[in-house]
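I opened this entry to look up the ligand surroundings, the overall fold dimensions and the core. My notes follow in that order.

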Amino acid sequence: MPAEALVPTSAEEAARLYGDGEGVVVFAGGTILLPEISAGRLKPERALMLHKSGLDGISTDGGTIRIGAMTPVSALVGGPSELISRFAENVGDGEVRRSATVGGNLCATAGVGAQRGDLGAPLIALGARVRSTGKGGERTEPVEDFLAGDRSGRLVLEVELDAPSGKWGAETLRRRHAHSYAIANVAVASNGGGLRIGVSGVGPTAVRARAAEQSRNPDDVLRDVEPVDDAVASAEYRRKMLPVLLRRALDQLETA
Ligand SMILES: Cc1cc2nc3c(=O)[nH]c(=O)nc-3n(C[C@H](O)[C@H](O)[C@H](O)COP(=O)(O)OP(=O)(O)OC[C@H]3O[C@@H](n4cnc5c(N)ncnc54)[C@H](O)[C@@H]3O)c2cc1C
């Protein structure tokens with residue numbers, strides 16, 4: 001276990017103890033970190049343990065939904081967004097979902113043989129924003145920008161999104177196994193004339209498929225997304241299936 005454990009009891013204290021994040025490993029649900037420590041791949045010197053930080057919970061404030069970074073993935077199932085719920089219920093199994101957190105899902109990097117961070121797809125499709133602190137102070141930015149940027153030195157505090165009011169579609173491809181990781185996830189949402197497309201499970205982070213949003217041509221999803229090879233599926237298979245999944249998700253918008 002870590003040589004030094006920091007246990008904040010408020011969000012403010014968590015931000016202060018985190019500082020610029022230098023040399024600090026953030027511990028949320030530990031579903032990724034604990035196996036890494038057990039396998040000897042990670043030996044943290046200083047750990048920021050968030051379990052008492054109060055950074056959990058879902059609230060609705062006017063038309064804005066706020067999801068604390070320490071909210072367990074299980075709390076999103078049947079929660080305020082049907083689209084997010086649809087992806088949350090596929091993360092791991094019940095035991096994993098009760099420990100796994102939203103912040104941990106957003107900050108997850110690719111595993112040894114699989115991609116992670118499934119929630120990125122619905123969060124991008126719904127135009128969610130991430131509030132984080134660390135180097136350079138607090139900032140709020142779209143999920144896709146947070147994921148595309150340098151996440152080291154950032155402590156995620158919460159995710160916020162406008163209460164969903166439009167139509168959505170979702171497709172996931174995975175093997176039949178309780179612990180299976182996704183081969184690909186596609187989430188689409190339309191509000192008024194605008195369309196947003198999020199893709200996860202095909203590479204190290206979730207991505208917004210802007211070209212396909214503009215053209216509405218499912219093949220254009222590959223202009224923004226670069227599928228990878230891993231133990232779950234080949235890049236080639238993912239490249240073939242992604243446009244199919246996107247076409248099906250877009251069809252759901254038509255029929256919703
Ligand atoms: C059997 C099994 C099945 C799984 N299946 C899936 C799946 O289907 N889909 C999927 O997406 N994932 C899956 N996972 C991976 C993992 O459970 C989830 O991604 C989970 O949401 C990670 O959250 P956590 O709180 O456990 O993260 P942790 O293990 O606590 O942390 C993960 C990473 O995020 C960082 N971190 C955590 N919280 C913050 C924060 N607030 N600010 C900054 N950095 C932070 C940590 O420092 C670490 O680098 C699975 C894991 C297991 C063990």
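I am working from a predicted model.

Ligand shell. I sorted the residues around the ligand by class and got 17 nonpolar, eleven polar and two charged. The shell has 30 residues, and those that come nearest to the ligand are Ala 28, Gly 29, Ala 100, Gly 103 and Gly 104. I then looked up which elements give two or more residues to the shell: strands E2 (24–27) and E8 (154–162), and helices H4 (94–99) and H5 (102–107). Helix H5 gives the most, with four residues.

Whole chain. I listed nine helices and twelve strands in the protein chain. Its radius of gyration is 18 Å, close to the 18 Å from the globule rule for 256 residues, so the chain is as compact as a globular protein of that length. Along the principal axes, the C-alpha atoms fill a box of roughly 50 × 45 × 35 Å. I took the contacts with a separation of 6 or more and found that 62% of them join residues 24 or more positions apart. Of the 256 residues, 43% are buried.

Core. I next looked up the largest nonpolar core, which has 69 residues. The residues with the most contacts inside this core are Ala 125, Val 186, Ala 187, Val 188, Val 199 and Leu 246. Strand E10 (residues 182–191) gives the most to the core, with seven residues. Leaving out residues up to four places away in sequence, Ala 187 touches Leu 83, Phe 87, Ala 121, Pro 122, Ala 125, Trp 168, Ala 170 and Gly 198.

Technical notes
Residues are numbered from 1 along each chain as its sequence is written. This is a predicted model: local features need pLDDT of at least 70, side-chain atom pairs count only at pLDDT 80 or more; totals for chains, interfaces and linings use all residues. A nonpolar core is a set of buried Ala, Val, Leu, Ile, Met, Phe, Trp, Tyr and Cys residues joined through C-beta atoms within 7 Å. A residue is buried if 20 or more other C-beta atoms lie within 10 Å of its own, exposed if 12 or fewer, and partly exposed in between; C-beta atoms are placed from the backbone. Two residues are in contact if their C-beta atoms, placed from the backbone, lie within 7 Å. A residue is near a molecule or strand if its C-beta atom, placed from the backbone, lies within 6 Å of it. Ala, Val, Leu, Ile, Met, Phe, Trp, Tyr, Cys and Pro count as nonpolar, Asp, Glu, Lys and Arg as charged, and the others, Gly among them, as polar. The radius of gyration is taken over C-alpha atoms; the globule rule is 2.2 Å times the number of residues to the power 0.38.
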